[in-house]
Amino acid sequence: MKAPTPWLLLDVGNTAIKWRLADADGLRDPSGVAATGASLCETVKTREWNAVALSSVAGEVADTALLTALKTVRSVPVWQARAESSCLGLVSCYAQPARMGVDRWLAMLGARHASAGPLCVIDAGTAITLDLVAAQGRHEGGYILPGADLMRRALTADTGRIQVDALDTPTLSPGSDTQTCVNAGGWRAVIGAVQSVLADYPEHRALLTGGLAPVLLEMGLSATHHPHLVMEGLRLWLLQKLDDQGS
């Protein structure tokens, strides 16, 4: 029996477009990362997919351009994920749920599928987000803080004498000049903030995702690494929407 045609999942972040195939049974290979919409279209045009699910924090203009480009490859239904008041037992604490970043919402959906009990969902990328989820699925609130490179940019932009063009190799050791001090300070601030939250909520199991997750683990963060939480959450979200449509 021929396997069902998969869906194309897209996770559009601040610096790249992650893509992966998936179906009702789970995430499938292949997957990849594209720098632009054009390169994404070139990569996926030879693959089979019959629907698109989009998670994006890039903004409406970028999303429209990407979806327009995809339509030149294949005309299929497109589902754009949004944070909601509730989904699959996860209940938002936001008074205006749609204002939550969709990547945070999907990461929590993926985390609840991966693990039971109270959770602290950490997404380490350009920014660092931490979201607390009760065992029953209620979102208890969260934290958003700049990543180490965003801190560097803020110092460079808003001070006269601290001019650091790029961070060095991640480290927690104290620096010996301005460059290395900014580097160590940024990473120390990130790991310290995350560890502080985990110390205040010891009953919450830490699940870690995002491009900088390996760096935080190398620095000693105690968390379970789930590199595909957002994609898994997007898959579950789309599956729910398709089920709702069919019922």
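**Asking how we know**

Modeller: Pro30 lies in strand S3, which covers residues 26-34. Keep in mind that this is a predicted model.

Colleague: Which peptide bond is cis?

Modeller: The bond leading from Asp29 to Pro30 is the cis one, with omega near 5°.

Colleague: Let's go to Leu88. What is its phi, given that it is not a glycine?

Modeller: Leu88 has a positive phi of about 55°. You will find Leu88 in the loop that joins strand S6 (86-87) to strand S7 (90-91).

Colleague: Why does Leu88 count as partly exposed?

Modeller: Its relative accessibility is 40%. Buried would need a value under 20% and exposed a value over 50%. Leu88, at 40%, therefore counts as partly exposed.

Colleague: And why does Pro77 count as partly exposed?

Modeller: The reasoning runs the same way. Pro77 has 48% relative accessibility, so it counts as partly exposed. Pro77 is in the loop between helix H2 (60-71) and strand S5 (78-80).

Colleague: What is Pro77 in contact with, leaving aside its neighbours within four places in sequence?

Modeller: Pro77 is in contact with Asn50, Ala51 and Val52. Take Val52: 25 residues separate it from Pro77 in sequence, yet the two C-alpha atoms are 6.3 Å apart in space.

Colleague: Now for the charged side chains. What makes Asp23 and Arg28 a salt bridge?

Modeller: Their side chains meet at 3.0 Å, N to O. The rule asks for a side-chain nitrogen of Lys or Arg within 4 Å of a carboxyl oxygen of Asp or Glu, so this pair qualifies. Side chains of opposite charge can pair when their charged atoms come close.

Colleague: Asp23 and Arg28: buried or partly exposed?

Modeller: One of each! Asp23 has a relative accessible area of 9%, so it is buried. Arg28 has 26%, so it is partly exposed.

Colleague: How do you know that Asp131 and Arg104 meet in a salt bridge?

Modeller: Their N to O distance is 2.6 Å, and the cut-off is 4 Å. This pair links distant parts of the chain: Asp131 sits in strand S9 (residues 127-133) and Arg104 in helix H3 (residues 102-114), 27 residues apart. Both partners are buried.

Colleague: Where do Asp149 and Arg152 lie?

Modeller: Both are in helix H4 (residues 148-158), three residues apart, about one turn of the helix. Asp149, at 29% relative accessibility, counts as partly exposed, whereas Arg152, at 10%, is buried. Asp149 and Arg152 also join Arg153 in a network of salt bridges.

Colleague: What does the count of salt bridges come to by this rule?

Modeller: It comes to eight salt bridges.

Colleague: Which domains does the domain assignment give?

Modeller: Domain 1 covers 7-80 and domain 2 covers 90-231. Their contact takes eleven residues from domain 1 and seven residues from domain 2. Together the two domains bury about 730 Å² between them, 68% of it on carbon and sulfur atoms. In domain 1, Asp11, Arg20 and Ser55 lose the most area to domain 2, together 42% of what that side buries.

Colleague: How many salt bridges are there between domain 1 and domain 2?

Modeller: The count there is zero. There is one residue pair in polar contact between domain 1 and domain 2.

Definitions and conventions:
Residues are numbered from 1 along each chain as its sequence is written. This is a predicted model: local features need pLDDT of at least 70, side-chain atom pairs count only at pLDDT 80 or more; totals for chains, interfaces and linings use all residues. Side-chain values use heavy atoms; hydrogens and water are left out. Helices (H or I, at least four residues) and strands (E, at least two) are DSSP runs, numbered from the N terminus. Buried means under 20% relative accessible area, exposed over 50%, partly exposed in between (1.4 Å probe, protein chains only). Domain bounds come from an automatic or database domain assignment. Contact means heavy atoms within 4.5 Å. Buried area is the accessible area (1.4 Å probe) that two parts lose on being put together, summed over both. A polar contact is a pair of N or O atoms within 3.5 Å; within protein, one must be able to donate a hydrogen and the other to accept it, and residues adjacent in sequence count only if both atoms are side-chain atoms.
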